Amino acid sequence: MPIPKTSKAFLSEAGDMARFTAKFFKQGFKPRYEVAEFMHQCFVIGYKSLPLVALTAFILGLVLTMQLRPSMVDYGVESQLPAIVGIAIVREIGPVITALIFAGKIGSSIGAELGSMRVTEQIDAMEVSGTNPFKYLVVTRVLAATLMLPVLVMLGDAISLYGSYLGVNIRATTSFNLYWTQVFDNLEFYDVVPSFLKSFFFGFAVAVVGCYKGYNSSKGTEGVGRSANSAVVVSSVMIFVIDLLAVQITDIFGFN
Amino acid sequence: MTQEKQLLQAGNLLQQGHMLVISHLYKSFGNNHVLIDFNLELKKGESVVVLGKSGSGKSVLIKCIIGLLKPDQGRIEVFGENIPDINEDELDQIRAKVGFLFQSNALYDSMTVRENLEFPLRRHWIQVAQDEVNKMVQEALDDVGLAHTVDMMPAELSGGMRKRIALARTLILKPEIILYDEPTTGLDPITGKEIIELMVEIQHKYNTTSLIISHDMNCVKMASNKVVILLEGKCFAMGTYDQLKQNNDPKVKQFFE
């Protein structure tokens with residue numbers, strides 16, 4: 001049976017992306033290390049994403065608490081609100097929403113930046129200037145995103161829980177100490193660690209997809225737009241696929 | 001020709017003061033045969049223009065010379081080293097001595113003019129003190145007459161200024177050979193002429209060897225000692241501008257009409 005054209009294109013793209021990822025591991029461990037550029041990318045990717053992540057996380061925690069309250073009141077378990085919200089945010093909503101925001105901001109900007117560098121020959125110019133552009137542009141960005149997203153997720157979780165504390169206090173009065181005691185009493189090691197670990201993979205996926213799309217951009221400015229767009233779409237889907245795999249793996253090991 | 005004979009021939013040419021020797025170069029993309037048995041020699045201080053229609057493989061040729069593309073077959077000897085055979089470090093050493101002016105200038109958007117100029121210096125791991133770096137940046141900018149733009153971003157500059165800055169970035173390492181990829185494309189005729197004059201001035205000042213890819217007849221007339229017409233992947237005709245202008249072959253004539 002002949003393979004349909006679209007499936008063939010999909011498989012060939014997946015193959016190219018796998019080769020691109022393999023190249024990252026091959027080049028990433030070989031010296032010369034681009035330490036200065038890596039630090040710069042950590043600043044751009046991590047620090048500069050913080051305000052956006054903080055704002056969305058705060059709103060999310062507040063809204064989630066306010067939305068959950070009526071049902072909790074109906075079941076008479078209003079006092080469990082901090083525990084429920086804490087588990088929901090730390091285990092699932094915090095990492096996934098932060099990663100999606102990250103994909104929207106960082107994935108698209110990497111795709112567009114590298115894409116425009118490709119079409120305006122800046123990547124070739126780097127190579128001519130004695131720089132391995134793959135190391136300078138791709139390795140530094142992927143490493144920075146992989147290390148920065150977990151940090152953003154942790155900070156986002158904390159801010160989200162603070163938003164939730166304010167949400168609880170809109171209709172009831174709970175002390176700051178009581179709220180946090182209730183959250184941490186119900187959080188287990190198995191809730192925190194898998195969700196922290198999966199955010200490394202989210203960060204890696206977002207940056208690899210963004211770099212791959214941008215680095216292989218073609219067809220002028222139209223291609224740059226397409227690279228930025230598909231970087232966000234593909235990395236968002238990848239986040240959900242990784243999430244699905246992560247929950248299966250933690251389930252198999254009995255961490256659920 | 002056997003490989004030994006090719007090597008011997010290239011060695012002889014180098015002794016005669018040749019900076020760049022291309023022999024029997026082939027490059028194809030699928031069924032599109034871009035370069036077919038292309039040959040070219042460049043002596044020190046010479047300025048050669050490769051003339052050809054759009055899509056005739058001119059840019060592919062200079063990208064092969066600088067090692068951005070790998071030829072299918074043939075030798076490209078730059079300072080006696082065969083580019084397709086050498087390793088990454090050796091290639092970097094050659095690249096430090098060969099300047100490349102990109103058609104789209106390829107200035108780094110995210111960096112200031114100063115950072116753009118400092119980039120090749122730092123990346124080739126040339127050990128120089130900051131004072132010396134500043135002096136080199138200043139000198140390169142003075143050469144192109146744009147010293148006042150040092151702290152500007154490329155987006156703030158006009159097309160002609162960007163071309164000059166790109167040329168300054170090429171000059172900062174004092175290259176012995178400069179490869180120009182369509183230096184006047186996208187510029188108005190007056191600015192284009194200024195760029196060509198600048199190229200000629202630099203050529204005289206530093207006694208560089210230039211290989212210019214162009215289809216701009218003004219550029220060919222003003223900047224060339226020798227013209228090579230690249231047609232159907234081959235070196236179709238060679239000579240000075242005046243010699244080729246007198247040529248009666250219709251394929252050559254079409255460039256001069």
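## Chatting through a two-chain model

Modeller: Here's a place to start: Lys58(B), Ser59(B), Val60(B), Leu61(B), Ile62(B), Lys63(B), Cys64(B) and Ile65(B) are the buried residues of H2(B). Keep in mind that we're looking at a predicted model.

Colleague: Thanks! How many residues of that helix are buried, out of how many?

Modeller: Eight of the eight residues in H2(B), which covers 58-65, are buried, so the helix is largely enclosed by the rest of the structure.

Colleague: And what does the backbone do just after H2(B)?

Modeller: Gly67(B) sits there, with a positive phi of about 85°.

Colleague: Okay, sheets. What's the strand order in the open sheet of chain B?

Modeller: The order is S2-S1-S4-S5, four strands with antiparallel pairing. At the edges are S2(B), residues 32-43, and S5(B), residues 81-82, each of which pairs on one side only.

Colleague: How many bridges join S4(B) to S5(B)?

Modeller: Two, and the strands run antiparallel, with S4(B) spanning residues 73-78. As an example, Val78(B) has Glu81(B) of S5(B) as its bridge partner.

Colleague: Switching topic: where does Met153(B) sit?

Modeller: Met153(B) is in the loop between H5(B), residues 130-143, and H6(B), residues 159-171.

Colleague: Why does Met153(B) count as partly exposed?

Modeller: Because Met153(B) has 16 C-beta neighbours inside 10 Å, and partly exposed lies between the exposed limit of 12 or fewer and the buried limit of 20 or more.

Colleague: On to chain A. How many helices and strands are there?

Modeller: Chain A has nine helices and zero strands. Its C-alpha trace spans about 65 × 50 × 35 Å along the principal axes, and 43% of its 256 residues count as buried.

Colleague: What share of the contacts in chain A with a separation of 6 or more comes from residues 24 or more positions apart?

Modeller: That share is 88%.

Colleague: Let's look at H7(A). Which of its residues are buried?

Modeller: Tyr179(A), Gln182(A) and Val183(A) are the buried ones in H7(A), which runs over 176-186. They cover an arc of only 95° around the axis, which puts them on the same side of the helix.

Colleague: What does the face turned away from that buried side carry?

Modeller: That face of H7(A) has the exposed residues Asn177(A), Thr181(A), Phe184(A) and Asp185(A).

Colleague: And what covers the buried residues of H7(A)?

Modeller: The cover includes H4(A), residues 81-119, and H6(A), residues 133-171.

Colleague: Now the largest nonpolar core. Which residues touch the most other members?

Modeller: Of its 124 residues, those are Val142(A), Ala145(A), Val206(A), Ile65(B), Ala168(B) and Leu179(B). H6(A) gives the largest share of this core, 15 residues. Ile65(B) also belongs to the buried residues of H2(B).

Colleague: What is Val206(A) in contact with, leaving aside neighbours within four places in sequence?

Modeller: Val206(A) is in contact with Ala99(A), Phe102(A), Ala103(A), Ile106(A), Gly107(A), Ala145(A) and Ser235(A).

Colleague: Last one: how many residues of each chain are in contact across A and B?

Modeller: Ten residues of chain A are in contact with 14 of chain B. On the chain A side, two are nonpolar, five polar and three charged.

Definitions and conventions
Residues are numbered from 1 along each chain as its sequence is written. Chains are lettered from A and ligands numbered from 1 in the order in which they are written. This is a predicted model: local features need pLDDT of at least 70, side-chain atom pairs count only at pLDDT 80 or more; totals for chains, interfaces and linings use all residues. The arc is that of the directions from the helix axis to the C-beta atoms. Two residues are in contact if their C-beta atoms, placed from the backbone, lie within 7 Å. A nonpolar core is a set of buried Ala, Val, Leu, Ile, Met, Phe, Trp, Tyr and Cys residues joined through C-beta atoms within 7 Å. Ala, Val, Leu, Ile, Met, Phe, Trp, Tyr, Cys and Pro count as nonpolar, Asp, Glu, Lys and Arg as charged, and the others, Gly among them, as polar. Two strands pair if DSSP finds at least two bridges between them.
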